[in-house]
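Reader: I have a new model open on my screen and would like to talk it through with you. Could you take my questions one at a time?

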Amino acid sequence: MIKVQTALIIFLVYTLFIAALTAFILYRRRRREELRLYDLQDKYIETQLDEMNQIYKNMRGWRHDYHNHMQKIKAHLALGQIDEAMEYVDSMGGELAGIDFRYKTGNMGLDAILNSKLAIAEKQGIEVKCDADVPSCLAISQIDLCVILGNLIDNALEACGRLSTFERKFMRIYICARKKQLYISVTNATAERTRRNISDFTGKRAGRHGNGLKRIDYTVEKCGGYVNRKNEPGVFATEIMLPMV
């Protein structure tokens, strides 16, 4: 009888060990896949930042040539060449069309994310209000900052996309420096009419939205920051504090 009990205990311990080992292996596998996807996203954002940096260089170059452009236009006008002057002005307008920014925060990375993603929001009929004033130099890397804000806005776009045509769609973004901390707040409309636990948004059924929240949490934790989320009927809000030094 004692041998049977001993064998049973050994079998149970062995079964628990195998189950724990399997769960650990699956967790590590999922974690590696998440990190691989994070790395791909970082590389994509880095490419966007390089493109934005090139746009800034083009803007500085155009401002440098401003007086030369004006002299050429004046020369055409002085000779009565109205058509030539108008043609030159039109060509300048086309050159500037791709380098104008509606949102200027003082930080290149944030400018890239805000101008690209909020343009999409406005095209989708979302009411956007953005107030952002950020130092050009921050302790947090440009990529991490863009990952956090980019996922916040993507989640807000997704939430607003679930609303019907007749429902109000809005997004509020506020970013500033507070006592050596970078404060980021994103509030958006949702289709939820009852309060839900925050864990519901990050569970297995949360889909892409949940993956975005996990990505935000991972990056904020890596940067030594803090995340606070609030879910009320029809509204979802996220506040983030990141150290600036």
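This is a predicted model: local features need pLDDT of at least 70, side-chain atom pairs count only at pLDDT 80 or more; totals for chains, interfaces and linings use all residues.

Reader: Which pattern do the helices and strands follow along the sequence?

Author: Let's begin with the inventory: the protein has six helices and five strands.

Reader: What percentage of the residues count as buried?

Author: The cut-off to keep in mind is a relative accessible area under 20%. Applied to the 245 residues of the protein, it gives a buried share of 35%.

Reader: Among contacts with a separation of 6 or more, what share comes from residues 24 or more positions apart?

Author: Here the contacts counted are those in the protein with a separation of 6 or more. Of these, the part from residues 24 or more positions apart is 69%.

Reader: Are helices α4 and α5 roughly parallel or roughly antiparallel to each other?

Author: Helix α4 covers residues 108–123 and helix α5 residues 142–161, and their axes come within 9 Å. The axes cross at roughly 15°, and the crossing is right-handed. Angles under 35 degrees fall in one class, so α4 and α5 are roughly parallel.

Reader: How many nonpolar, polar and charged residues make up the contact of α4 with α5?

Author: On the α4 side the contact includes Met 108, Leu 110, Ile 113 and Lys 117. From α5 come, among them, Leu 145, Cys 146, Leu 149 and Asp 154. By class, the contact has twelve nonpolar, three polar and two charged residues.

Reader: Is Cys 146 buried or exposed?

Author: Cys 146 is one of the α5 residues that touch α4. Its relative accessibility is 1%, and because buried means under 20%, Cys 146 counts as buried.

Reader: How many disulfides are there in the whole structure?

Author: A disulfide is a covalent bond between the sulfur atoms of two cysteines. The search looks for cysteine sulfur atoms within 2.5 Å. Over the whole structure, the number of disulfides found is zero.

Reader: Which residues does Ser 185 touch, leaving out those up to four places away in sequence?

Author: Ser 185 sits in strand β3, residues 181–189. With a relative accessible area of 12%, Ser 185 is buried. Its partners are Arg 172, Ile 173, Tyr 174, Thr 238 and Glu 239.

Reader: What distance separates the C-alpha atoms of Arg 178 and Leu 242?

Author: Arg 178 belongs to strand β2, residues 170–178, and is partly exposed at 39% relative accessibility. Leu 242 is 64 residues apart from Arg 178 along the chain. Their C-alpha atoms are separated by 9.8 Å.

How values were computed
Residues are numbered from 1 along each chain as its sequence is written. Side-chain values use heavy atoms; hydrogens and water are left out. Buried means under 20% relative accessible area, exposed over 50%, partly exposed in between (1.4 Å probe, protein chains only). Helices (H or I, at least four residues) and strands (E, at least two) are DSSP runs, numbered from the N terminus. Axes are lines fitted to C-alpha atoms, for helices over the stretch in contact, and angles run from 0 to 180 degrees between N-to-C directions. Angles under 35 degrees count as roughly parallel, over 145 as roughly antiparallel, 65 to 115 as roughly perpendicular and the rest as oblique. A crossing is left-handed if the near helix is turned anticlockwise from the far one by less than a right angle, and right-handed if clockwise. Contact means heavy atoms within 4.5 Å. Ala, Val, Leu, Ile, Met, Phe, Trp, Tyr, Cys and Pro count as nonpolar, Asp, Glu, Lys and Arg as charged, and the others, Gly among them, as polar.
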